[in-house]
Number of protein chains: 4
Amino acid sequence: MIPELGKQFYKLGWVSGTGGGISIRRGKDVYIAPSGVQKERIKSAEIYIFDLESEQINEQASPAEAFAKKPSECTPLFFAAYRLRSAGAVIHSHSLSAVFATLITPFAEASEWVCGKMEMVKGIKGHTYHDNLVVPIIPNTPRECELTESLTEAIQKYPRSYAVLVRGHGVYVWGDTWQQAKGHAECYDYLFGATIKAHKLGVSLKW
Amino acid sequence: MIPELGKQFYKLGWVSGTGGGISIRRGKDVYIAPSGVQKERIKSAEIYIFDLESEQINEQASPAEAFAKKPSECTPLFFAAYRLRSAGAVIHSHSLSAVFATLITPFAEASEWVCGKMEMVKGIKGHTYHDNLVVPIIPNTPRECELTESLTEAIQKYPRSYAVLVRGHGVYVWGDTWQQAKGHAECYDYLFGATIKAHKLGVSLKW
Amino acid sequence: MIPELGKQFYKLGWVSGTGGGISIRRGKDVYIAPSGVQKERIKSAEIYIFDLESEQINEQASPAEAFAKKPSECTPLFFAAYRLRSAGAVIHSHSLSAVFATLITPFAEASEWVCGKMEMVKGIKGHTYHDNLVVPIIPNTPRECELTESLTEAIQKYPRSYAVLVRGHGVYVWGDTWQQAKGHAECYDYLFGATIKAHKLGVSLKW
Amino acid sequence: MIPELGKQFYKLGWVSGTGGGISIRRGKDVYIAPSGVQKERIKSAEIYIFDLESEQINEQASPAEAFAKKPSECTPLFFAAYRLRSAGAVIHSHSLSAVFATLITPFAEASEWVCGKMEMVKGIKGHTYHDNLVVPIIPNTPRECELTESLTEAIQKYPRSYAVLVRGHGVYVWGDTWQQAKGHAECYDYLFGATIKAHKLGVSLKW
């Protein structure tokens with residue numbers, strides 16, 4: 001699935017310039033793509049398999065061809081969602097909608113993106129039409145792995161959220177299965193775009 | 001046709017995040033996709049067949065594989081168009097153009113979206129270039145099936161319209177055949193987008 | 001070529017909702033698609049062949065299957081470009097960029113769209129980087145065939161232009177070959193879009 | 001690779017209307033597409049092979065079919081990047097994001113586009129998250145080959161940049177390999193788009 005989703009997300013503008021990423025879990029096997037590759041051209045043979053508990057590469061199961069590269073820099077961030085939320089898949093998108101959702105929100109060390117009054121809010125598990133959907137925004141860091149601590153805190157502080165935004169960077173989205181993670185990612189991206197449009201038009205999208 | 005149109009509408013941004021839907025009628029057989037599935041990955045074997053008159057699933061004709069899921073939540077809304085307008089197909093889109101067409105229109109319990117001065121108005125059956133195209137806007141409800149009553153009223157009150165907008169949600173569009181429903185959906189979506197652009201530029205698109 | 005270009009132009013948003021069209025000339029044979037069909041689904045067997053001089057359907061050469069429909073309403077407009085400019089192909093696009101290029105230009109019975117300072121101006125035959133590209137804008141009419149007279153006048157009055165814009169409707173673009181017509185259509189569309197963006201940003205694109 | 005990348009870049013809007021181009025180097029062989037062709041329809045048999053040192057066509061290795069046309073007008077510009085930076089590939093894009101990145105920057109004979117506070121800055125070799133990414137902007141000229149001198153100067157003056165913008169025209173981007181050149185082109189295009197959006201929203205993207 002990862003190569004196929006890579007192509008689809010590339011067309012959506014989520015993983016251009018080798019940015020972004022996708023990880024899927026099957027039982028205790030966690031599939032993670034290599035670092036710095038063109039996400040629309042990943043081959044199955046390049047994908048690493050990590051063990052869920054040890055968070056180490058399963059060297060026997062991972063294809064030899066892949067070992068020339070490093071696993072994605074997002075690896076510890078993917079594991080935060082697996083560990084804290086029993087996620088079945090995690091998507092990391094650099095979509096400009098996600099990035100500008102963080103930029104139209106007034107800056108503060110700890111801040112939130114909020115959206116309501118939209119049917120698509122129901123696309124996020126556990127939310128009804130009358131809810132305001134809330135996603136925490138954490139500051140970006142020079143290296144991706146340095147985000148792990150603040151991402152972990154945000155996940156713990158916002159137990160209803162299936163996403164964490166990173167200012168000027170993008171978003172991490174997860175779900176119980178890859179289908180739900182993809183559905184969540186599409187709904188969040190749609191709503192990020194909606195709040196930017198609404199901001200330009202002076203329309204409020206909060207209850 | 002439904003799986004093929006699902007792929008096409010996904011590319012247009014009408015059915016992302018498992019939202020939106022398509023239904024086609026052939027004689028007394030009404031084809032409806034299951035609820036909560038990825039619309040660009042529907043398989044023929046998953047599609048339900050309903051009976052037009054009883055509005056019940058035809059259990060013999062519907063493929064067994066599909067029964068694990070529920071039919072689309074839009075089912076009673078699709079039937080409103082089949083019953084009141086003898087529609088041949090109904091398309092439900094979550095397009096951001098449709099949603100923002102409802103948001104740039106000043107709020108009121110009962111309100112309308114109006115567009116003229118555009119050639120594409122002629123793409124809607126029964127309209128000429130000098131007509132203002134009018135689409136009723138109804139308020140959204142927590143559950144999709146709760147829209148049935150207000151959608152039915154709107155269809156009856158606007159006999160020239162082939163669409164009903166739902167605030168913050170999307171649009172229902174129909175036609176005598178699936179080709180006409182698709183043509184209508186494309187024309188309406190184009191014109192929704194045009195009124196948003198015109199709104200930003202301070203240009204009036206009404207006669 | 002017409003079915004293939006139909007698919008390509010559909011993806012570009014030029015021929016949605018059965019609007020727009022394409023015609024190609026090979027010697028004295030003029031190929032024209034039927035009226036009111038989905039432009040991304042045209043089949044070769046549906047295309048009419050007209051005679052360049054008589055401007056009548058060549059009934060022997062046109063496939064029988066096509067006769068159930070009418071040829072495109074644009075037919076007399078396509079012939080204006082064939083007759084007055086010896087065009088090898090004509091493209092009619094409903095692109096929102098073309099439409100808004102007419103709407104940001106202050107209204108007048110006879111008006112013009114003007115664009116300079118852009119490399120892509122060189123993509124239109126006979127133009128250099130220091131030229132302002134000028135396209136006449138004619139008012140729209142209730143029926144497409146009623147445009148013939150004003151389109152003919154505009155073509156004659158603007159001998160350097162390979163396009164005529166129609167207010168609130170779209171654009172007719174031609175070239176000596178289908179390749180040039182397509183190149184012209186892409187350059188004009190790009191530049192229409194650029195003038196709209198520039199208008200929003202308060203940037204002037206005229207020498 | 002050139003035909004495949006041509007199709008991909010066409011979908012991204014970088015090479016419409018026969019504009020833009022791609023060149024790849026393999027050792028001392030430099031592959032360059034012909035001038036004025038549809039970039040999404042290039043065939044391998046049409047591509048010229050130049051010698052890196054003599055900067056002349058390798059007539060024996062270049063396919064005969066190609067000789068009916070001229071090599072791309074960008075040829076001397078591609079060679080500037082090969083000569084001064086040992087580039088492995090050069091991409092020339094007419095993307096509207098690149099063009100408007102030059103137009104929102106106040107005009108001056110010598111000017112710069114600057115962008116920071118964005119994760120994607122790290123996608124350009126030699127840059128960290130805390131860097132401002134700087135790209136020189138040179139004025140456009142009536143003929144493409146006349147850009148060679150100012151492009152050469154800009155490359156020499158900005159040794160950290162992997163791109164040069166041309167006002168009202170587009171951008172030249174390169175990398176050590178075609179994969180890196182494509183990654184750079186996608187990151188720059190994403191960031192050009194981001195600065196335009198930020199400009200509209202009144203958000204600053206500089207450290």
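This report describes the arrangement of chains, sheets and helices in a predicted model.

## Basis of the description

The model is predicted, with local features requiring pLDDT of at least 70 and side-chain atom pairs counting only at pLDDT 80 or more, whereas totals for chains, interfaces and linings use all residues. Residues are numbered from 1 along each chain as its sequence is written, chains are lettered from A and ligands numbered from 1 in the order in which they are written, and side-chain values use heavy atoms, with hydrogens and water left out.

## Relation between the chains

Chain B is superposed on chain A by a rotation of 90° with 0.0 Å of shift along the axis, at an RMSD of 0.0 Å. This is therefore the relation of a four-fold axis. The C-alpha of chain B nearest that axis belongs to B:Lys200, at 6.2 Å. Chain D is likewise laid on chain A by a turn of 90° and a shift of 0.0 Å along the axis, with an RMSD of 0.0 Å. Such superpositions are made by least squares on the C-alpha atoms of residues with pLDDT of at least 70 in both copies.

Chain A and chain C do not touch, their nearest C-alpha atoms being 12 Å apart; contact here means heavy atoms within 4.5 Å. Chain B and chain D do not touch either, and their nearest C-alpha atoms are also 12 Å apart.

## Interfaces with chain A

The size of an interface is often given as the accessible area lost when the parts come together. Chain D and chain A bury about 2,100 Å² between them, 58% of it on carbon and sulfur atoms; buried area is the accessible area (1.4 Å probe) that two parts lose on being put together, summed over both. This contact takes 25 residues from chain D and 24 residues from chain A. On the chain D side, D:Glu119, D:Tyr190 and D:Leu201 lose the most area to chain A, together 30% of what that side buries.

Chain B and chain A bury about 2,100 Å² between them, with 58% on carbon and sulfur atoms. Here 24 residues come from chain B and 25 residues from chain A. B:Arg41, B:Leu96 and B:Phe100 lose the most area in chain B to chain A, together 25% of what that side buries.

## The sheet and its helices in chain D

Chain D holds an open sheet of eight strands in the order E3-E2-E1-E4-E8-E7-E6-E5, with mixed pairing. Helices (H or I, at least four residues) and strands (E, at least two) are DSSP runs numbered from the N terminus, and two strands pair if DSSP finds at least two bridges between them. Strand E3 (48–51) and strand E5 (111–115) of chain D stand at the edges with a single partner strand each, so one side of each has no neighbour in the sheet. The twist averages 20° from one strand to the next. Strand E7 (residues 163–166) and strand E8 (residues 170–175) of chain D pair in the antiparallel sense over four bridges, and D:Val166 stands opposite D:Gly170 in E8(D).

Helix H1 (residues 2–11) of chain D lies across strand E1 (21–26), strand E2 (29–32) and strand E4 (89–93), running at about 150° to E1(D). Axes are lines fitted to C-alpha atoms, for helices over the stretch in contact, and angles run from 0 to 180 degrees between N-to-C directions. Helix H5 (residues 178–201) of chain D packs on the sheet, touching E1, E4, E5, strand E6 (133–138), E7 and E8, and its direction makes about 145° with that of E8(D).

## Strand pairing and helix H2 in chain B

In chain B, strand E1 (residues 21–26) and strand E2 (residues 29–32) pair in the antiparallel sense over four bridges. B:Arg26 has B:Asp29 in E2(B) as its bridge partner. Helix H2 (residues 75–85) of chain B lies across E1, E2, E3, strand E4 (89–93) and strand E8 (170–175), at about 40° to E1(B).
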